[in-house]
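Please read the points below with the model open beside you.

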Amino acid sequence: MHKICFLLFGISFFAVSAQNITLKKGIVNSDLVTSDSLKVPYTLYIPSEFDPSKAYPALFVFDPEGNGVRTSRMFKAGMIQDNFIIASPNVRLGDSLEADVDNGLRVMEDVLKKIKVNSNYVYTAGLDEGARVASGITFLITNISGVLAVNDIFFKNDPRITYKKEIYIGLVGDTSPKYYDMVNVFDVLSGFKSENKLYEYSGEGGWPDIDYLSSSFNTLHQLQAERVKDELPQQYIDSSFVRDYLTADALIKKHDYTIAYDFLGELKDKYRHSHDLDSLRDIQRDLRKMKAFKRERNNKNNGLMDEAYLLDDMSYFIDEDVVTANFENLGYWDEKVQQFEAVAKDSTKPYEQKVAKRMLGYIDLTVDRYIEALDSNKAATASQKIFPNVLKTIIKPNYFPAYLNIIQLASEDNDENTAYFYLEELLKKGYKDYRKLYSIPGTEVIRITPTYNQIIERYLYKSEYQ
């Protein structure tokens with residue numbers, strides 16, 4: 001009965017005798033594990049017409065949630081031709097970049113044991129932490145052809161590293177907290193190789209629409225084919241062109257006008273020597289005539305310089321205030337955050353709205369980095385460590401770890417009043433973890449005081465030492 005069902009759905013098999021594994025062709029195999037001592041689960045897609053004697057292009061994808069099945073299917077759906085091997089670990093990322101990269105390498109090694117791979121076409125791709133893994137792997141493996149990094153990237157600004165081996169295509173949400181990081185990195189990468197480019201998509205992050213994602217990956221694949229002087233079949237080019245045209249049209253219909261216009265410009269470069277461009281010119285010409293596009297483009301052009309100055313100000317003031325622990329300037333930050341939040345909600349000014357969201361994300365991300373860096377800095381004062389945590393409570397009032405950090409740091413510094421104040425602020429925000437309040441490191445002395453216990457009892461109706 002099972003064999004009949006498999007035939008009806010066009011699924012076939014081939015065996016990997018060395019490991020006694022049967023892989024299904026044409027679907028995502030979701031129950032594989034690496035064959036070394038540290039078992040890493042992963043998914044593997046095999047083309048429908050797979051021939052074990054042939055070498056295939058390969059894509060290794062890293063999803064931050066470890067959802068290899070969903071991610072593999074998403075990329076498979078976006079492929080122009082059914083000739084790619086696609087593998088993706090089923091391991092949640094984020095604990096440690098070193099561990100995540102190690103798991104990725106184990107999966108790659110295991111796939112290479114099973115399948116012949118065309119060494120000219122080996123790609124990595126990933127989202128957020130997965131993008132850091134996808135790009136980090138290139139420092140350990142020399143024959144990666146290209147990287148598709150979505151919303152983050154691992155980058156070393158080291159003059160000894162030239163980044164000339166692989167091609168980098170970046171995608172970043174136009175209101176992503178990582179927006180400015182990605183822009184800065186790709187400014188450097190594009191200097192090493194003109195093919196290295198960053199594209200925007202609408203939103204704060206996450207995987208872009210499949211069509212836009214697949215277009216970006218197909219661009220990466222076509223650039224690599226040109227680099228190794230392979231001529232892709234005209235049928236492939238034609239299919240890719242049609243998909244890209246429809247993707248541009250979809251962007252316009254979603255009112256992503258400037259993204260669509262820039263995307264069309266890149267498509268003209270992409271197909272300049274392989275396809276007629278009249279239809280792209282027509283859609284771009286029609287877009288230029290639209291009042292909404294003109295308004296959006298003018299707002300963006302007029303605002304770029306102001307945004308650059310604003311970013312410089314935010315960067316300077318955060319650095320200055322953290323280093324000096326300038327608590328007197330907290331009112332300024334409270335006001336700026338409220339201003340950005342108000343503009344971020346104003347859909348009548350789309351460009352200003354995007355800038356406000358980017359600024360909020362940038363400030364939040366920068367503060368997080370200071371909290372992490374100062375936590376392990378033995379030379380930093382208690383005030384320097386407390387300040388970014390206080391700033392975090394202004395940016396994200398319901399982010400409880402910042403309050404807990406302040407209580408710990410203030411207690412260790414014998415600053416009972418600050419500890420009491422942020423304990424009460426924490427409880428006002430709805431914090432309920434009673435046991436945690438009596439196990440915060442460094443609070444052994446303060447948590448037995450009457451004031452500490454009275455505050456807790458006022459909100460949670462019980463206390464340990466009353």
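1. S463 is found in the segment after α17 (450-460); helices here (H or I, at least four residues) and strands (E, at least two) are DSSP runs, numbered from the N terminus. With 18% relative accessibility, S463 counts as buried, where buried means under 20% relative accessible area, exposed over 50%, and partly exposed in between (1.4 Å probe, protein chains only). Its side chain makes a polar contact of 3.1 Å with the side chain of E457. A polar contact is a pair of N or O atoms within 3.5 Å; within protein, one must be able to donate a hydrogen and the other to accept it, and residues adjacent in sequence count only if both atoms are side-chain atoms. Neighbours within four places in sequence aside, S463 is in contact (heavy atoms within 4.5 Å) with Y434, Y438, N453 and E457.

2. On the basis of the model: it is predicted, so local features need pLDDT of at least 70 and side-chain atom pairs count only at pLDDT 80 or more, while totals for chains, interfaces and linings use all residues. Residues are numbered from 1 along each chain as its sequence is written, and side-chain values use heavy atoms, with hydrogens and water left out.

3. E424 belongs to helix α15. The side chains of E424 and Y459 are joined by a polar contact of 2.8 Å. Not counting residues up to four places away in sequence, E424 touches I455, R458 and Y459.

4. Now the sheet. It is open and has eight strands, in the order β3-β4-β6-β5-β7-β8-β9-β10, with mixed pairing. The edge positions belong to β3 (28-33) and β10 (197-201); each has a single partner strand, so one side of each is left without a neighbour in the sheet. On average, neighbouring strands of this sheet are turned by 20° against each other, direction ignored. Axes are lines fitted to C-alpha atoms, for helices over the stretch in contact, and angles run from 0 to 180 degrees between N-to-C directions. Two strands pair if DSSP finds at least two bridges between them.

5. How many residues of strand β7 are buried? Eight of the 11 in β7 (residues 117-127) are, so this strand is largely enclosed by the rest of the structure. On one pairing, β7 runs parallel to strand β5 (residues 56-62) over six bridges. F60 has T124 of β7 as its bridge partner, and V61 stands opposite A125. β7 also pairs in the parallel sense with strand β8 (residues 146-150), over five bridges; G126 stands opposite A149 of β8.

6. β5 is mostly covered, with seven of its seven residues buried. Three bridges join β5 to β6, and the two run parallel. L59 has I86 of β6 as its bridge partner.

7. β8 pairs with strand β9 (residues 167-173) in the parallel sense over five bridges. In this pairing L148 stands opposite I169 of β9. Helix α6 (residues 210-227) packs on the sheet and touches β5, β7, β8, β9 and β10; its direction makes about 165° with that of β9.

8. Helix α3 (residues 97-114) lies across β3, β4 (41-45), β5, β6 (85-89) and β7, and runs at about 45° to β4.

9. Helix α13 (residues 382-395) is built of 14 residues and reaches 21 Å from its first C-alpha to its last, close to the 20 Å expected at 1.5 Å a residue; the expected span is 1.5 Å times one less than the number of residues. Of those 14 residues, 12 are buried, so α13 is largely enclosed by the rest of the structure. Of its 466 residues, 48% count as buried. Its C-alpha atoms fill a box of roughly 75 × 60 × 50 Å, taken along the principal axes. Residues 24 or more positions apart account for 62% of the contacts with a separation of 6 or more. The accessible surface comes to about 23000 Å², of which 50% belongs to carbon and sulfur atoms; accessible areas come from the Shrake-Rupley method with a 1.4 Å probe, and for residues only the protein chains shown count as cover.
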